[in-house]
Amino acid sequence: LGQSDGNAEREMVHHVVSYFTNSANYGDKSNIATVTYLKMPHQPFVLTADGGENSLLNWHNWSDPQQYLGQFIYTTTIMQEIVDGILANDPQAVIVMQSDHSARGLQSADGTYLIEKFDRRHFFNTVYYAGEPMTEIEGQSGVNTVRLVLSKLLGEDLPVIDPVPVSEFEF
């Protein structure tokens with residue numbers, strides 16, 4: 001979706017949330033894999049903390065942290081609703097939730113980063129594995145997390161890929 005099409009983005013988000021929070025969509029469908037991508041929290045900041053419509057003036061407003069934070073709060077709320085909807089019908093589900101990157105470090109006019117370095121270098125990465133902890137994903141990249149989940153799920157031994165150390169990221 002284009003970054004200027006806030007109505008379409010909001011509708012898409014609400015549609016995905018509606019689908020994933022309805023446990024009837026999972027039924028007795030063993031061995032089903034579902035993948036979705038939500039561009040959230042991400043510019044444009046089209047949604048407020050309660051899922052309402054954000055002002056067009058704030059869609060790209062990094063100088064007011066409440067704009068990003070509002071969409072971040074809404075994102076975490078719907079993520080919990082989605083997980084609850086899936087687990088209501090399939091407590092043995094394997095759920096992988098990741099962000100594609102952390103909050104990017106936009107800079108103010110004087111060159112100061114608006115987001116702390118730690119937060120720019122770490123991304124959201126969690127796994128619900130049929131009620132079992134999966135501590136081996138801690139500190140792993142998104143790709144390696146998926147490889148570890150697939151290894152466990154399929155009884156295979158997919159080796160992790162040597163990632164670039166997080167300490168070497170600079171953005």
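Which helix gives the most to the nonpolar patch? Helix H4 does, with four residues. Take Leu153, which is found in H4. Its relative accessible area is 46%. The cut-off for a patch is over 30%, so Leu153 clears it with its 46%. Leu153 counts as partly exposed, because 46% lies between the 20% limit for buried and the 50% limit for exposed.

## The chain and its confidence

Step back to the whole chain. It has 171 residues, and 33% of them count as buried. There are four helices and two strands. Read along the sequence, they follow the pattern α-α-β-α-β-α.

How confident is the prediction? The mean pLDDT of the chain is 79. Of its residues, 80% reach 70 or more. Confidence is highest in helix H4, residues 142–154, at a mean of 91. It is lowest in helix H3, residues 117–121, at a mean of 65. Helix H4, with the highest confidence, is also the element that gives the most to the nonpolar patch.

## Aromatic rings

Now look at the rings. The model holds four aromatic pairs. One of them is Phe45 with Trp62, whose ring centres are 5.2 Å apart. Are the planes of this pair stacked or edge-to-face? They stand at 80°, so the pair is edge-to-face. The cut-off here is over 60 degrees.

Both residues lie in the loop between helix H1 (6–21) and helix H2 (65–89). They are 17 residues apart in sequence, so the pair ties together separate parts of the chain. Phe45 is buried, and Trp62 is buried too. The two rings also belong to one aromatic cluster, together with Tyr68 and Phe72.

## Lys152 and its partners

How many salt bridges does a search of the whole structure find? It finds one. The partners are Glu132 and Lys152, and their closest N and O atoms are 3.2 Å apart.

The bridge links distant parts of the chain. Glu132 is in the loop between strand S2 and H4, while Lys152 is in helix H4. They are 20 residues apart. Glu132 is partly exposed, at 41% relative accessible area. Lys152 counts as partly exposed as well, at 31%. Lys152 also lies over the face of Tyr129, at 4.6 Å from the ring centre.

## Ala130 in its loop

Stay with the loop between strand S2 (125–129) and H4. Ala130 has its place there. Its phi is near 50°. That is a positive value in a residue other than glycine. Is Ala130 buried or exposed? It is buried, with a relative accessible area of 18%. The limit for buried is under 20%, so Ala130 falls below it with 18%.

## Apart in sequence, together in space

Asn125 is found in strand S2. At 18% relative accessibility, Asn125 counts as buried. Asn125 and Gly142 are 17 residues apart along the chain, and their C-alpha atoms are separated by 6.9 Å.

Ile161 lies in the segment after H4. It is partly exposed, at 43%. Ile161 and Ser141 are 20 residues apart along the chain, with 8.9 Å between their C-alpha atoms.

Thr77 is in helix H2. It is partly exposed, at 34%. How far apart in space are Thr77 and Asp50? They are 8.8 Å apart, C-alpha to C-alpha, and 27 residues apart in sequence.

Terms used
Residues are numbered from 1 along each chain as its sequence is written. This is a predicted model: local features need pLDDT of at least 70, side-chain atom pairs count only at pLDDT 80 or more; totals for chains, interfaces and linings use all residues. Side-chain values use heavy atoms; hydrogens and water are left out. pLDDT is the predictor's confidence in each residue, from 0 to 100. Buried means under 20% relative accessible area, exposed over 50%, partly exposed in between (1.4 Å probe, protein chains only). Rings of Phe, Tyr and Trp (its six-membered ring) pair if their centres lie within 6.5 Å; planes under 30 degrees apart count as stacked, over 60 as edge-to-face and the rest as tilted. A charge sits over a ring if NZ of Lys or CZ of Arg is within 6 Å of the ring centre and within 35 degrees of the ring normal. A salt bridge is a side-chain nitrogen of Lys or Arg within 4 Å of a carboxyl oxygen of Asp or Glu.
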